[in-house]
Amino acid sequence: MKLRPPIKGIFFDAGWTLFYHTSDNWCFPKECIDPNIFNEIPNDKKNFAFQKMIKYMDDNHLMFTEEEEIEQFTKVYSMVSSDLPELGLTNQKIETLVHAQVSGIYNCFYDDTLSTLKALHGKYKLGVISDNWPSLKSRLKSGGVDIYFSTMTISSYLGTFKPDKRMYLHALEQMKLPPEQTVFIDDGVENLEGAEECGIQPVLITAKPNAESSDKYPSIKKLSELLEILPE
């Protein structure tokens, strides 16, 4: 399924589009938390702690610096320590968990990310639309891909998340292109629906394990396949 011409700008999600998570649990990675101890805790108790953690982060998502990000993750892991004392989260362990989140040490760029961005750069304006924190900029820089993006819309800077139209309108305002001349690649159907409502052409990427599927939008299994569906 080809995209409608002309295309002059391309927006990318970050997680499961540009890079993937190597840990099985983004907030409680087994490298930091003993999985045996974690699994012994009743699911309802873990779910309560997790939902409480997520609600706090969602309610306090507006931030602009990595220092604020570190402060927030330190707060939420301290909350988890109180709710799940079985984990034995000492201050040192909390610091380790916070570092894992902010540094992105369990994120790995896909093999074709760099080559795809290189192929697109110069032909299209490239941007990011991601539900993420300020440290995303450092993560993209450390991966050597930040130089390819002329715009960046990170949810923490707006205090909201996709599919809130403010995310897409902010990205379009930065790129200064009509929405119909832009494309957004994301692994979430709901996020693509939000982009489509703003006039952006959606592309579903299914690189994530157990990825969502949809017959509604053009679909690619990996980022480099985008080159095959862009109009000439």
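In which sense do β1 and β4 pair, and over how many bridges? β1 and β4 pair in the parallel sense, over 4 bridges. Two strands count as paired if DSSP finds at least two bridges between them, and strands (E, at least two residues) and helices (H or I, at least four) are DSSP runs numbered from the N terminus. Within this pairing, phenylalanine 12 stands opposite valine 128 in β4.

A word on the ground rules: this is a predicted model, where local features need pLDDT of at least 70, side-chain atom pairs count only at pLDDT 80 or more, and totals for chains, interfaces and linings use all residues. Residues are numbered from 1 along each chain as its sequence is written, and side-chain values use heavy atoms, with hydrogens and water left out.

## The sheet as a whole

The pairing of β1 and β4 belongs to an open sheet of 6 strands in the order β5-β4-β1-β6-β7-β8, with parallel pairing. At its edges stand β5 and β8 (219–220), each with a single partner strand, so one side of each has no neighbour in the sheet.

On one flank, β4 and β5 pair in the parallel sense over 4 bridges, and serine 130 stands opposite isoleucine 154 in β5. β4, α6 and β5 make a right-handed β-α-β unit; right-handed means that, with the strands pointing away from the viewer, the path from the first strand over the helix to the second runs clockwise. Of the 6 residues of β4, 5 are buried, so β4 is largely enclosed by the rest of the structure. Here buried means under 20% relative accessible area, with exposed over 50% and partly exposed in between (1.4 Å probe, protein chains only).

β6 pairs with β1 (residues 9–12) in the parallel sense over 4 bridges, and phenylalanine 12 stands opposite isoleucine 185. Another 4 bridges join β6 to β7 (residues 201–205), again running parallel. Along that pairing, valine 183 stands opposite glutamine 201 and aspartate 186 stands opposite leucine 204. From β6 the chain crosses through helix α9 (residues 189–197) to β7, in a right-handed β-α-β crossover.

## Two nonpolar cores

A nonpolar core is a set of buried Ala, Val, Leu, Ile, Met, Phe, Trp, Tyr and Cys residues joined through side-chain atoms within 4.5 Å. The largest has 28 residues, and those with the most contacts inside it include Phe12, Phe149 and Ile185. Among the elements giving two or more residues to this core are β1, β4, β5, β6 and β7. A second, separate core of 26 residues includes Ile33, Met53, Leu84 and Val98.

## Aromatic rings

The whole structure holds 10 aromatic pairs, meaning rings of Phe, Tyr and Trp (its six-membered ring) with centres within 6.5 Å; planes under 30 degrees apart count as stacked, over 60 as edge-to-face and the rest as tilted. Phenylalanine 19 and phenylalanine 109 have ring centres 5.5 Å apart and planes at 75 degrees, so their pair is edge-to-face. Phenylalanine 19 lies in β2 (residues 19–21) and phenylalanine 109 in β3 (residues 107–109), so the pair ties together parts 90 residues apart in sequence.

Trp26, Phe28, Phe38, Phe73, Tyr77 and Trp133 form one aromatic cluster.
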